[in-house]
Amino acid sequence: MAAARLLDATLDLLWRQWRAIGGAAAGRGAITKQVDPEALCLASLYLQEAEPRLWTVMVDWLRLGSALLSVQRLKNLAKQFPPVEDRLRALAAAAVEEAKDARWRSLLGPRPARKAAPRKPMKLRGGGPALTAPPALVLRLRAAFQVGVKADLLAFLLGQPLRVSVSTAAQSLGYSVPPVFRALQDLVAAQLVQSGDFPSGAEYWVHIERWHEVLGGWQAIARWGFWREVLVYVCAALALEQRGQYRKGSDYARAAALRELALRHEGGLVRSGLVEHGVPRSPSLEEWGAFHAELARRLAELA
Amino acid sequence: MPNPPRLLEHRADIEQALRRVGELLAARGASYAIVIVGGAALNLLGIVARSTRDVDVLAFATRSRTRRAWRLDAPPDPLPEPLAAAIRTVGRDMGLAETWLNTEVVTYVRSRRGARGSG
């Protein structure tokens, strides 16, 4: 029951995210926080079995937006999601075929990609990436400065109310620390990012008011959403619920498996604001059902 | 300051702890048959009814090919990781000592045998 609610809330979240960045998704409402486009694609790929229309919206968006996605980051983040390799190859095939974006060939691999679901002759349904929408800030900066860690870092720092450390930035963006550190040094040298040494170590921030004029006012800058952390956890929890071994287990074994999973993702869930003080430690399945029901409610709120 | 570990209070307590270990192992597709001795074993047999600090594992049992007999071996040291992890998890959940299920009795038996041999 709680898993079904979590799935519904996650699908709703994905629709809201696609809408927020210009995807032709029916319905109402869009999120207000910054979208993480690669995490959105990977979660949509994983959940397309539950909601096949996600594929259509994603491929439609990709026709004009593929150049704004990081193929390398997709590869890296895919390892954090439940297995989606075949679907990712199909998406890459669609990007190569329909968007003529050769960068995606590296995702095709030696095996032929699963043939994309048959679709009606291409007719543009969405208007492509909504670059000036506040939740699409990372795409806007990639369009301006090219796809890469620096554009992502700027979007991330612009979306932060506080200073952040290298490791927080790296964890949230899903990059390893060395490239993030090097990129931050370059951005500091260019005086686009400020840094300072604090007792807790070096921290980084941007003078956000200086960016208001460039980007079109404070309302053009959305808070960072920490969606990677959220979507990776939710997809992993939903995948666990599907696993035969898990379903056959006792209540105690299932609760212990849910707890083990949640503990691995606790840092990210706290960063995202989805949970305040940490995940439950309880071995009671009822309590985990309540936790996921609450998570579903908060997902709707966060979105 | 964490609470000191509690004792296994009675037969049902011991059964629950062992059952939980089995459930965690089953969820990972693993299973082990163990031979236990000491206070916990006597509790489970209904011979005594008293609290005990731990469950003493004397041997691991494996079925013969014909499945008619059991072969007993000294428990591996360290214990297989799935079992060790399940022991830790159940211990934490039930407030027991981290090594509430252990093979210390094997060391004791060996030392006694050694002492007898040298004496």
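Predicted model: local features only at pLDDT ≥ 70, side-chain atom pairs only at ≥ 80, totals over all residues.
1. Start with the overall layout. Chain B has four helices and four strands. If you walk along the sequence, they come in the order α-β-α-β-β-α-β-α.

2. On dimensions, the C-alpha trace of chain B spans about 45 × 40 × 30 Å along its principal axes. Chain B has 119 residues, and 23% of them count as buried.

3. Now for contacts along the chain. Take the contacts in chain B between residues at least 6 apart in sequence: 63% of these join residues at least 24 apart.

4. The helix pair to look at is α1 (residues 11–27) and α3 (residues 81–94), both of chain B. Their axes come within 9 Å and cross at roughly 135°. An angle over 145 degrees would count as roughly antiparallel and 65 to 115 as roughly perpendicular, so this one falls under oblique. The crossing of α1(B) and α3(B) is right-handed.

5. Which residues of α1(B) and α3(B) make the contact? From α1(B) you have Ala17(B), Arg20(B), Val21(B), Leu24(B) and Leu25(B). From α3(B) come Pro82(B), Leu83(B), Ala86(B), Ile87(B), Thr89(B), Val90(B) and Met94(B).

Key: Residues numbered from 1 in each chain as written. Chains lettered and ligands numbered in written order. Axes fitted to C-alpha atoms, helices over the stretch in contact; angles between N-to-C directions. Helix = DSSP H or I, 4+ residues; strand = E, 2+ residues; numbered from the N terminus. Parallel < 35°, antiparallel > 145°, perpendicular 65-115°, else oblique. Left-handed = near helix turned anticlockwise from the far one by under 90°. Contact = placed C-beta atoms within 7 Å. Buried ≥ 20, exposed ≤ 12 C-beta atoms within 10 Å, placed from the backbone.
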